[in-house]
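Please keep the sequence and the structure in view while reading.

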Amino acid sequence: MTTPRIVVDDAQKWDEDESDESSFEEQDEEDEEDLPSYLRFERLCQRLTMSLQFRSTIVLIILTAGVVFGMQTYPEFAKHQGVIILDRAITYSFAVELGLRLLSHLRAPWKYFFVDTSQFQVDGWNCFDAFVVALLFADIGAASVFRLVRLLRLVRLVSVLPTLQALVAATLQSFGAIRFVLLLLVIVLYVAAVIANLLFKEVDPLRYRNLHSAVITLFGTTGGGSWRE
């Protein structure tokens, strides 16, 4: 059984972070005893949040959140006390994670939300994580809206796995080319609808009597919705 490529890539990136972290520890280990207590605490939080074990635990919690959300769609599990307790524990775990990441920037917590503070380059993934955690503790009246907010916990998996971040970034960058593909599809559909109107309006006037009827018919055919008719 082969290991999925995405897991291998993320594991390699995490291993590189681990090696960087170990070299950082070896370099500053001797000077750490001379630092103030709050700086030692800050470095402790940095080592913790950068560790492979910590990030693997967060991935496991996010996946568990997805399973719990799926279980709550069944009436027999929705009000089960164990599921409710597990759901609350997951929410508080995210809050603890965010707190630890902010404490790893104890002297300047706002740096957690920036890639480069000198150029005010915002870290979108960290801002998204904080936004999700804030919504989880917000007082949202509508139950359906609150369920959608809790579903965002599963989306946080993208912010944890570097390979998924790269895929999302590549998808967003490809939107410029996608619009031309959509334009080509619209042109092809329009030409096909004109031809269908000329050929079939006498045979099937209900579906091909004019241009917009032919477009609707062909669009439904391309999706497989009109094949039975």
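Phe200 is partly exposed, at a relative accessible area of 39%; buried means under 20%, exposed over 50% and partly exposed in between, with a 1.4 Å probe and protein chains only. The model is predicted, so local features need pLDDT of at least 70 and side-chain atom pairs pLDDT 80 or more, while totals for chains, interfaces and linings use all residues. Residues are numbered from 1 along each chain as its sequence is written, and side-chain values use heavy atoms, without hydrogens and water.

The ring of Phe200 pairs with that of Tyr208: the centres are 5.5 Å apart and the planes at 50 degrees, so the pair is tilted. Rings of Phe, Tyr and Trp (its six-membered ring) pair if their centres lie within 6.5 Å; planes under 30 degrees apart count as stacked, over 60 as edge-to-face and the rest as tilted. Tyr208 is buried, with a relative accessible area of 14%.

The structure holds 4 aromatic pairs. Another of them joins Tyr74 and Phe77, edge-to-face, at 6.5 Å centre to centre and 90 degrees between the planes. Tyr74 is partly exposed at 47% relative accessible area, and Phe77 is partly exposed at 32%.
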